[in-house]
Amino acid sequence: MDLTYTEEERDFRARLRTWLGKTLPELPAKPSPDDWPGRRAYDLGWQRRLYDAGYAGLHWPVDAGGRGATPTQHLIFLEETERAGAPYVGANFVGLLHAGPTIAAEGTAGQRARWLPPVLRGDEVWCQGFSEPDAGSDLASLRTRAVRDGDDYVITGSKIWTSHAEVADWCELLVRTDPAAAKHRGISWLAMPMDAPGVTIRPLRTLAGSTEFAEVFLDEVRVPVANRVGAENDGWRVTMVTLSFERGTAFVGEVVACRRTLAELARTARANGRWDDPVLRRKLGRLYGEFGALWRLTQWNVSESERSGGVPGTGGSVFKLAYSHARQELYDTAAEVLGAGSLSLDEEWVLDRLSSLSYTIAAGTSQIQRNIVAERILGLPKGR
Amino acid sequence: MDFQLTRDQRDLRAGVRDLLAGRFGREALRAAVDSGTAVDRGLWRELGAAGFFALRLPEAEGGVGLGLPEAVLVFEEAGRALLPGPLVATHLAAGVVPGAAAGTAVVTALDLGERGGPLVSYLAEADAVLGAPLLPSGEPVRSADPLTPLHRVAGDLRGDVSEHRDAGALLTAALQLGSALRTVELAVRYAGEREQFGQPIGAFQAVKHLCAGMLVRAEVARTAVYAAAVTADPGEIAAAKLLADGAAVRGARDCLQVYGGMGFTWEADVHLHLKRAWVRAEQWVTAAEAEERLAAELLAADPAEADPAAGGLSRIAADADAP
């Protein structure tokens, strides 16, 4: 058990820190949360800077255009960018963390050449067309149909909770290509252009007031068969590759952010006298301990995946369960510190508090994560 | 950074697990409970011969010359087996109290809480009290844990254990961790065997989710304990104790719930894990003390100085980064 970083890793951190210190002051002002074209431009601009500096697709394999960095270097990258206050991956999330790695792992040479470079360069944005109104946690029951017609699939159905749909160029779409097959079996993974005829996008307003995601309606949309990644009806397996990435390192930066928030809260509590309340003070102390442990758990999981050749393990479910609940508790405690001040939406963290309610739902609800932990890690029997 | 067990560490853990399975398996545990034998002197000497107590003593002083990470792995196994006796105190006394390292002496400590008349565990079995000049006398108290006899000691008994508090808390956290992981195993095994409504109860989400919650708490505690063993940072040790106490106590309670009526009987081992976890939660550093210590660290962590190379908020991560 070794927590010291190698000289190479320390060099990497130092160079990155220098680059961040030079680059961040040059960034334009952040657009407002609902200015989607502005956000797209901002996020792609950041991606382009990363690309030019050689930090794009750090954890992607070299033959996919990435840097082939070790999981530890990726961890350092996420830690340092968060610490420096660099922009969040934002609209590039699906491209960099879901669709890109999936195409890198499962796509043909031609598919990789077509789709991967624009993600890394910051030219194209991807969104994720997985969930449906009747297929969220039970993703395998999705019903959007794709019927083969010559060299095209003709797609009809709808998708929901599609983040960044309004400004996306591509959608990683799961469709049912064999309605007669068992529900996990008849699914395929397609890259769908968002400007294809028959695609309609209706933004959904979240409880935080933002229009972060949307409903996407598909009415006889034609997508070339050549856009299918992986074999026909093999989309479920292809998708599992994607999801394991989602649960691996997606929250690294946020743990760093939570620890900073907590320190700010302690200072605020000290200033407004709430620190003298031992119940509240102890709660803050406990959270500090928990987020410290979650950081260690992240390092543990990263070290484990490094030993296993970069494959994220099931530890991601354990982490996500613990983290999502701790984060929500953090904001509840923050509200205790701030009292009525916590009712003002002018406070940025109040919006964060509202957003944090999605953490126990998105990327597999806590209930589904517990099933995964119970069945895949503990080996308990599947329910009927 | 390679925050995983080395081959030697895995071998050490496996070796201790085998030793304890052979020498203190379930039958031995139940026999000890039935006879009320909290400390078996023969077993104590065998543990001493195996290096359990001398693990961190330098080889030049007859010890094994290993460090806190290895000690934590060994104590995790002892916690898993519910091995009774003042293991932590005797380990801490190695090299200080004659016979402790070899397991020929049994050493306890004044490690139970800070308030009120001090309760001392294993006093009647002990040859010495760590940090105290004399072996005091005391009145026996009916202990909640059948294998942790307690005595109430009259008068102002103050042995100074402050220099041992961090190591004592960490090793106790390791015992808690072992117990927490063991109760996950017990619950999962029972949930897979016990049938109700025509299927194993482990197929029901309500039961599954109890088990998953137990594992999540234990895994978070595990990394906290291992990391604290590597850094020996007092704040991380406090967090490790806090989280391991929670994982052990809540884990045992949830395990009892999975066992249902059987869990409420003396026959199942669950109550033994729960009662021992309660004792350990009061030893060295309590939850209240740990939370206060962490709160003080948090306050010292000025977010305006969030440079990882500096102290404060980022220190936990930065420590490991330091050359």
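I keep in mind that the model is predicted.

**Entry 1: helices 6 and 7 of chain B**

I began with how two packed helices are described: by the angle between their axes and the distance between the axes. I looked up helix 6 of chain B and helix 7 of chain B. Their axes come within 9 Å and cross at roughly 155 degrees. Angles over 145 degrees count as roughly antiparallel, so helix 6 of chain B is roughly antiparallel to helix 7 of chain B. The crossing of helix 6 of chain B past helix 7 of chain B is left-handed.

Next I asked which classes of residue make up this contact. I found 20 nonpolar, 1 polar and 2 charged residues where helix 6 of chain B touches helix 7 of chain B. On the helix 6 side of chain B I noted residues including Leu170(B), Ala173(B), Leu177(B) and Val184(B). Facing them from helix 7 of chain B are, among others, Val207(B), Met214(B), Leu215(B) and Tyr226(B).

**Entry 2: helices 7 and 8 of chain B**

I moved on to helix 7 (residues 205-231) of chain B and helix 8 (residues 234-259) of chain B. The two axes come within 8 Å and cross at roughly 155 degrees. That angle makes helix 7 of chain B roughly antiparallel to helix 8 of chain B. Helix 7 of chain B passes helix 8 in a left-handed crossing. I sorted the residues of this contact by class and got 18 nonpolar, 4 polar and 4 charged.

**Entry 3: helices 6 and 9 of chain B**

Helix 6 of chain B covers residues 165-193, and helix 9 of chain B covers residues 270-281. Their axes come within 10 Å and cross at roughly 160 degrees. Helix 6 of chain B and helix 9 of chain B are therefore roughly antiparallel. I read the crossing of this pair in chain B as left-handed.

Which residues of helix 9 of chain B meet helix 6 of chain B? I listed His273(B), Ala277(B), Arg280(B) and Ala281(B). Their partners in helix 6 of chain B include Thr172(B), Gln176(B), Ser179(B) and Leu186(B). The contact of helix 6 of chain B with helix 9 of chain B has 4 nonpolar, 5 polar and 2 charged residues.

**Entry 4: chain B against chain A**

I then looked at where the two chains touch. I found 63 residues of chain B in contact with 62 residues of chain A. Together chain B and chain A bury about 5,600 Å², with 65% of it on carbon and sulfur atoms. Which three residues of chain B supply more of its buried area than any other three? They are Met1(B), Gln4(B) and Leu298(B), which supply 15% of what chain B buries against chain A.

**Entry 5: salt bridges**

Side chains of opposite charge can pair when their charged atoms come close. I counted 6 salt bridges between chain B and chain A. I also looked up the pair Lys208(B) and Glu375(A), a salt bridge whose closest N and O atoms are 2.5 Å apart.

Over all chains, the search gave 48 salt bridges. I looked at one within chain A: Glu80(A) with Arg17(A), their closest N and O atoms 2.9 Å apart. This pair links distant parts of the chain, 63 residues apart. Glu80(A) is in helix 3 (residues 71-83) of chain A, and Arg17(A) is in helix 1 (residues 7-23) of chain A.

Conventions
Residues are numbered from 1 along each chain as its sequence is written. Chains are lettered from A and ligands numbered from 1 in the order in which they are written. This is a predicted model: local features need pLDDT of at least 70, side-chain atom pairs count only at pLDDT 80 or more; totals for chains, interfaces and linings use all residues. Side-chain values use heavy atoms; hydrogens and water are left out. Axes are lines fitted to C-alpha atoms, for helices over the stretch in contact, and angles run from 0 to 180 degrees between N-to-C directions. Helices (H or I, at least four residues) and strands (E, at least two) are DSSP runs, numbered from the N terminus. Angles under 35 degrees count as roughly parallel, over 145 as roughly antiparallel, 65 to 115 as roughly perpendicular and the rest as oblique. A crossing is left-handed if the near helix is turned anticlockwise from the far one by less than a right angle, and right-handed if clockwise. Contact means heavy atoms within 4.5 Å. Ala, Val, Leu, Ile, Met, Phe, Trp, Tyr, Cys and Pro count as nonpolar, Asp, Glu, Lys and Arg as charged, and the others, Gly among them, as polar. Buried area is the accessible area (1.4 Å probe) that two parts lose on being put together, summed over both. A salt bridge is a side-chain nitrogen of Lys or Arg within 4 Å of a carboxyl oxygen of Asp or Glu.
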